[in-house]
Amino acid sequence: MQTDQAAADIRQYPTEAFIEALRQRFATDHEVDVVLTRKMQNRAKRQEGYTPVTLDQLVDGVSKLIASKVQGEFSIDKPRWLSGGASMLQMAFQLNWQGESGTEDRHTTPMVLRMSPMEPVVETSFLREAEIVKFVADNDIMPVAKSYWIDEDGSHLPFPAIVYGFVTGVAKPSKIPSTQVTGVGLNFGPELRTKLAPQVIEQIAKLHAFDASAINLPGFDPVTVGSNDSVVREINWWHRVWEEDRGEDEPLIQIAANWLRRNAPPLDHASIVHNDMRSGNFLFDEDKAEITAWLDWELVSIGDRHQDLGWLTGPQFGHFAEDGKTFLASGLMPTDELLAAYEKATGLPVDPVRMRYYDVMNAWKAAIIVMGTGYRVANGSKSHQDVVVAWLSAIGYLLLGSLKQKLTEAMA
């Protein structure tokens, strides 16, 4: 029988047999399988800890990436580190070029490189992200940054990366002091939230109301309304991540996984699901009080809208209003008012049973990310954000407590 130490070693030094066994055990979307398999294969090869990446390395790598995608001469000007982005390394720069064909008048386009560290706290597909962001932009669904190019497997840069157009705006008000992680209890203030809340509802409603069942993109497996196959594939995705990354066993994770599989609801409507839809993940023009772009699409999937709604209205992203009694979902408006406005805008019902189900799934995923991948990344010194990741690992048992509560409520 395998010891705990042997189990820990096999995750830190995975063999091809171990990787293949997990692939067979947890059948998921093709592109997710590709990304997770590559993660484990790279972990087996890269046993050293995180090595700092210099700005010069990023400039050199993004130059090679762009050279493989565009015609004509170009130059990268004014490269600089960009804060934010959570677990991603970010570089802002200006591209002096003649367009992708090399035939346009020379002009300058501000851009942003987002590159994964050796191992991020969420291993995701830049292919899926780029495809959906382009789809959302092309169909005028909601404001997003323009997606230019991806280095899906780190062929040109040290690690996988994506290049976006630069969008102006702020994620939180400059006039309201905040020491918290962006999005956690974010306070917009009475005047600003009154102007932002209707935009948030309108734009999320447009995203979710769009019939995503017919979307045909290489990074996404088909989904079928009336079936729960896509829900089960997502459960397998995150259960596989847990088995790849965990440092120790945790029975509650398995209990929750069993319950989620048994109770996986069939889709009643296929939506583009952002999977991190909340305050802090959109930029806005502070003077005009207008949303300029929705950010952080790396977890995007096609599935059930209730998954986004549960996250948007989660207690961690809201706070009480000035009266000290009224809870504001994502710091925007009372939860019941937000959901009522959403129903009116989409014409789609908000099902309390589905909400409870996805509350469990969201809590389960959060615990896996923190206690599984967060632990693995921090323990192996795999990221430039080692302090933040170590802090995340420390709240793992609080997340398990939340998972236990939500599971108990859903089973009542």
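Two rings of Phe, Tyr or Trp (for Trp, its six-membered ring) form a pair if their centres lie within 6.5 Å; planes under 30 degrees apart count as stacked, over 60 as edge-to-face and the rest as tilted. The structure holds 13 such aromatic pairs. This is a predicted model, in which local features need pLDDT of at least 70 and side-chain atom pairs count only at pLDDT 80 or more, while totals for chains, interfaces and linings use all residues. Residues are numbered from 1 along each chain as its sequence is written, and side-chain values use heavy atoms, with hydrogens and water left out.

One of the aromatic pairs joins phenylalanine 282 and phenylalanine 284: their ring centres are 6.2 Å apart and their planes stand at 55°, so the pair is tilted. Another pair consists of tryptophan 311 and phenylalanine 317, with centres 5.1 Å apart and planes at 65°, so it is edge-to-face. Tryptophan 311 and phenylalanine 317 are both buried.

The next part concerns strands and the loops between them. Helices (H or I, at least four residues) and strands (E, at least two) are DSSP runs, numbered from the N terminus. Alanine 289 is in the loop between β7 (282-285) and β8 (290-294). Its phi is near 55°, a positive value in a residue other than glycine. With a relative accessible area of 5%, alanine 289 is buried. Aspartate 296 lies in the loop between β8 and β9 (301-303). Phi of aspartate 296 is likewise positive, near 55°, and this residue is buried at a relative accessible area of 18%.

Helix α11 covers residues 352-379. Of the 28 residues of α11, 21 are buried, so the helix is largely enclosed by the rest of the structure.

Key: Buried < 20%, exposed > 50% of the residue type's maximum accessible area, 1.4 Å probe, protein only. Expected span 1.5 Å × (residues − 1).
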